[in-house]
Amino acid sequence: LEMADSGVEWDTITCSAAVSACANGDQWAHALQLFREMAHGRVQRNSTTHSAAVSACEKSVQWVQALLLFHEMADSRVERNTITYSAAVSACE
């Protein structure tokens, strides 16, 4: 996205905030794009980042994507938390 060109340092906190901002702006596709780019940019994704991505999908009724991300957390050995569980369940309602 534009962060690389803006001189903003890509780190877990900055990217998590950006994914959350996309989620709050109903931009689930941008949230997922940024989430995926984190892996390519070698930025550590944690439970906060995963939860923000799951929430972005949940808010936009993208339940399949939300569940894929939820399962990906286990594959990546990222701890699921109450926020993640809540967003995953809400995405399926």
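## Around the ring of Phe-70

The charged end of Arg-80 sits over the ring of Phe-70, 3.9 Å from the ring centre; this label asks for NZ of Lys or CZ of Arg within 6 Å of the ring centre and within 35 degrees of the ring normal. Another such placement is listed beside it here.

| Charged end | Ring | Distance to ring centre |
|---|---|---|
| Arg-80 | Phe-70 | 3.9 Å |
| Arg-45 | Phe-35 | 4.2 Å |

A word on the source: this is a predicted model, where local features need pLDDT of at least 70 and side-chain atom pairs count only at pLDDT 80 or more, while totals for chains, interfaces and linings use all residues. Residues are numbered from 1 along each chain as its sequence is written, and side-chain values use heavy atoms, leaving out hydrogens and water.

Rings of Phe, Tyr and Trp (its six-membered ring) pair if their centres lie within 6.5 Å, with planes under 30 degrees apart called stacked, over 60 edge-to-face and the rest tilted. The count by this rule is one aromatic pair. Its members are Phe-70 and Tyr-85, with centres 5.2 Å apart and planes at 70°, so the pair is edge-to-face. Phe-70 belongs to helix α5 (residues 63–75) and Tyr-85 to helix α6 (residues 82–91), 15 residues apart; helices are DSSP runs of H or I, at least four residues, numbered from the N terminus.

Leaving aside neighbours within four places in sequence, Thr-84 is in contact (heavy atoms within 4.5 Å) with residues including Phe-70 and Met-73.

Conventions:
Helices (H or I, at least four residues) and strands (E, at least two) are DSSP runs, numbered from the N terminus.
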